[in-house]
Amino acid sequence: MSDAPVVVAVERPRRRRLGRYVAGKVGGALLSLGLIAVLGFLLFRALPGDPVTTMTRGRPVSAAQIAELEAAYGLDRPLIEQFWSYLADLARGDLGMSYTFRVPVADKIAERVGPTLLLVGTGTLLAVALGLWLGTRSAWRRGGRFDKAATGVALGLWSVPTFWLGLLLLSWTSGLFPSGGITYPDTPPDFWSQAVDTAHHMVLPVITFVAVVYAQYQLVMRASLVEELSAPHLLTARAKGLREDQVLRRHAVPNALLPTVTLVFLHLGLVVSGAITVETVFSWPGLGLLTFEALRGPDLPLLQGTFLVLAAAVVLANLAADLLYRVLDPRVRAS
Amino acid sequence: MSLLRVRDLHVRYPSEHAVRGVDLDVEAGETLGLAGESGCGKSTVALSLLRLLPRTAAVSGEISVDGEDVTTLNWGRLRALRWARASVVFQGAMHALNPVRRVGEQIAEPIRLHDPTVTAAQARARVADLLAQVELPAERARAYPHELSGGQKQRVMIAMALACGPRLIVADEPTTALDVVVQAQVLDLLSGVVAERGIGMLLISHDLAVLARVCGRLAVMDAGRVVESGPTGRVVAEPAHPRTRALVAAFPAVGEPRHRRAPATTGEPAPAGVDRVGGELLRVEGLRVRFGDTVAVDGADLDVRAGEIVALVGQSGSGKTTLARAVLGLVRPDGGRVLLDGRAVPARGRGLREHRRQVQWVPQDPTSALNPRHRVADAVAEGLRVHRVPGDHAALAAAALAEAELRPPERYLPALPHELSGGQRQRVVIAAALALAPRLLVADEPVASLDASVRGEILALLLRLRARLGLAALVITHDLGVAWTVADRVVVLRAGRVVESGPVERVLTDPAQAYTRSLLAAIPRARWASRPT
């Protein structure tokens, strides 16, 4: 990538260079995670709203009771003291207790990670496949009817608000699919019934998710392939006697995929947090919905926890993109 | 029957009639040279032979390759003909190879494509065989293009072209961007293959000396037409057409007294100006520059006197560009010193800025050196702004353009780079350097990317600037002809060390070192002893 140092013909054992590269990238990721931990603490303290006021809303409470609650949650202590105990707890892997759910934040997050990964994973796979396929076809017949239609539709869907599209789909399919949740409570507990019921619940959230995000993969792939299609080495491939589809399949698409793969991974971290709206509209019990619920408090420990997890996903996805690109592109390996 | 027969070939692009009635013949065992400047249509001819032109090109006329009429073949038969019976060595192997595939795979690809019965193991053996023919070790098959040098990439390209045993090879500028020694090796390799296999070759180049070294017959193209053709000796010795004469004159013969300080120019003849050489201006002492574990410059000494033109010659990778960058203060030396007027160049701060003003750089390729969205006026005045030179920048820029002989300057000031020719762009770059009233120009291959007819003009400009302004220059080049044409002294660099230095007349006619002799021997020497001027 662009930040890789340009070294002029340095003869050095490959493994040592690789080790240094990986160590650099991992070190950078760890530093980002540390900064995120600090930011997570400060950011939510700057939010409007007071947790104790929200907890006691609608109930007659005395000033003494409020003070007692604040003391119980440690909110009366100076900010710097709260910060140090937050860091100390974090170092031990303790994310604190949720104010609203009254269970450890770590447990709550662990419970919600599965559904989010299921939804986001399925959605991303479908969006990437659809986007790459449409992008390739668009670039191949650039300026043609297919290209114009596909690019127009993708851009249109991309600009649609997620929650609005979700509600629209719900009203159009009226009752064909469940309107929320992950399973019905009365489904038999055996694996197959549960799986079929979950799949049934997933249809609308996944369609909504895919519809809104596939455009970026399509446009990136289209742009990347359009650029690759003017590469002089494709003329060599044609002169060798390859058919046009072989030129595309063997030389143009694989090369165009390189920058696209990186972008897919960079986006991967973001889509986890991007699921917030979809999960909220369809009451999907994942991390996104949990974040939304935590924001209402504000449930500070829970917010810190989800923020950490979502931000860590971005950092890890970036790290994966950096390392993967090195594996895929021999030119990066050399530098 | 000829391997290649082209009759009355016309190629029309929507905006341009690029090829206007070309006839060519190549027989088995023969190499035909096709010469011409950029834009004369020679590459279009090459691509039309295998119908590789874009869809927008309309081709008419007769093209027959190895007895097959290419213009009427259906796509299936055409694909079968491509590479198996006629292959292409493309210009710039850097871009003609897929950057992310191993070169072995790329050589094997046409073998298995044209004969599906070949197994992967057989293909690997054939690749090793082909690499041996182009004198590359078999394990290079596992390399990626960027891991190879320019000459090695060109060898891979040639191995690839031979993969299916073609009857005809079309080589489009196969040695452009290679240094003289590697160029000589690649040309020998190509002519060896033609002689050994009894196949035909169409060799395309803008460099008549390259063609003269290899080809039995020459055809010279200009504006889409063949303006002159015949046996190489006759065409080169008695060029009939003005275009041929210009091409012959553009590549001076080293050692020929009439070409000494006499670049081919249609303007006023270049004055010698040797009498203006003064005291020492620049001195480089024991300079060492390292990149990681690679020593690029290894204890080089050099000096340039005021008003003197010194040529720094050497092969690619000899460290000449790094040395130049150290002189400009762009690279900090790891050892040794660079002195201007006897004072060491400061490593940072105002002193370094002042040094950079006095020593100006003229880069190799004016097209990539100029910002395509900056007008000439901005490009020339940029240095004035950066160095906060007092005065009217517009007037200074106009004066610099006039100095670089773009007259009247008002006509060029509002132009964008793409509206100018290659030679005009190089003059703009030189004007940008002159605007700062430098004392030394460092020109890195100042004419390598220019057409034959403008090379002489730019070299003559350097000589006139020296005569008018007493401007000293360090000219970096791999082309000894350039050194012979403009320089007073020459410094030969090899692997970061100075091998030999001295007056041009002595070093280039009676070299003391074997290495200098081998550089001189590698120059493609046309067989012209005397020629009309």
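## Around helix α6 of chain A

Among the elements that cover the buried residues of α6(A) are α5 (105-140) and α8 (191-229) of chain A, where contact means heavy atoms within 4.5 Å. This is a predicted model, in which local features need pLDDT of at least 70, side-chain atom pairs count only at pLDDT 80 or more, and totals for chains, interfaces and linings use all residues. Residues are numbered from 1 along each chain as its sequence is written, chains are lettered from A and ligands numbered from 1 in the order in which they are written, and side-chain values use heavy atoms, with hydrogens and water left out.

Helix α6 itself, residues 145-158 of chain A, has 14 residues. From first C-alpha to last, α6(A) reaches 20 Å, close to the 20 Å expected at 1.5 Å a residue; the expected span is 1.5 Å times one less than the number of residues. The buried residues in α6(A) are A:D147, A:A150, A:T151 and A:A154. Viewed down the helix axis, the buried residues of α6(A) fall within an arc of 95 degrees, so they line one face; the arc is taken from the directions from the helix axis to the C-beta atoms. A:R145 and A:K148, on the other side of α6(A), are exposed. Buried here means under 20% relative accessible area, exposed over 50%, and partly exposed in between (1.4 Å probe, protein chains only).

## Chain A as a whole

Let's step back to the whole chain. Chain A has 13 helices and zero strands, with helices (H or I, at least four residues) and strands (E, at least two) taken as DSSP runs numbered from the N terminus. The C-alpha trace of chain A spans about 85 × 60 × 40 Å along its principal axes. Of the 335 residues in chain A, 42% are buried. Among chain A contacts between residues at least 6 apart in sequence, 75% join residues at least 24 apart.

An unreviewed UniProt entry annotates "transmembrane region" at residues 22-44, 113-134, 155-178, 198-217, 256-282 and 302-325 of chain A. UniProt positions are given in the numbering used here, feature names are shortened, and annotations may be inferred rather than shown by experiment. Residues 22-44 of chain A are 100% helix and 0% strand, with end C-alpha atoms 33 Å apart. Residues 198-217 of chain A are likewise 100% helix and 0% strand, and their end C-alpha atoms lie 27 Å apart.

## Annotated domains of chain B

For chain B, the unreviewed UniProt entry gives "domain: ABC transporter" at residues 4-248 and 282-520. Residues 4-248 of chain B are 39% helix and 26% strand, and the end C-alpha atoms of this span are 26 Å apart. Over residues 282-520 of chain B, the values are 42% helix and 26% strand, with 27 Å between the end C-alpha atoms.

## Two open sheets in chain B

One open sheet of chain B has four strands in the order β2-β1-β4-β5, with antiparallel pairing; two strands pair if DSSP finds at least two bridges between them. β2 (16-26) and β5 (68-69) of chain B stand at the edges with a single partner strand each, so one side of each has no neighbour in the sheet. Strands β1 (residues 4-13) and β4 (residues 58-65) of chain B run antiparallel and are joined by seven bridges, with B:V6 opposite B:I63 in β4(B).

β14 (residues 335-340) and β15(B) pair over two bridges, and B:L340 has B:R343 in β15(B) as its bridge partner.

## Strand β19 and its partners

In strand β19 (residues 489-494) of chain B, five of the six residues are buried, so the strand is largely enclosed by the rest of the structure. Strand β13 (residues 309-313) of chain B runs parallel to β19(B), joined by four bridges, and B:V310 is the bridge partner of B:R489 in β19(B).

Strand β20 (residues 497-503) of chain B runs antiparallel to β19(B), with six bridges between them; here B:V490 stands opposite B:G502 in β20(B). β19(B) and β20(B) form a hairpin with two residues between them, and B:A495 in the turn has a positive phi of about 50 degrees.
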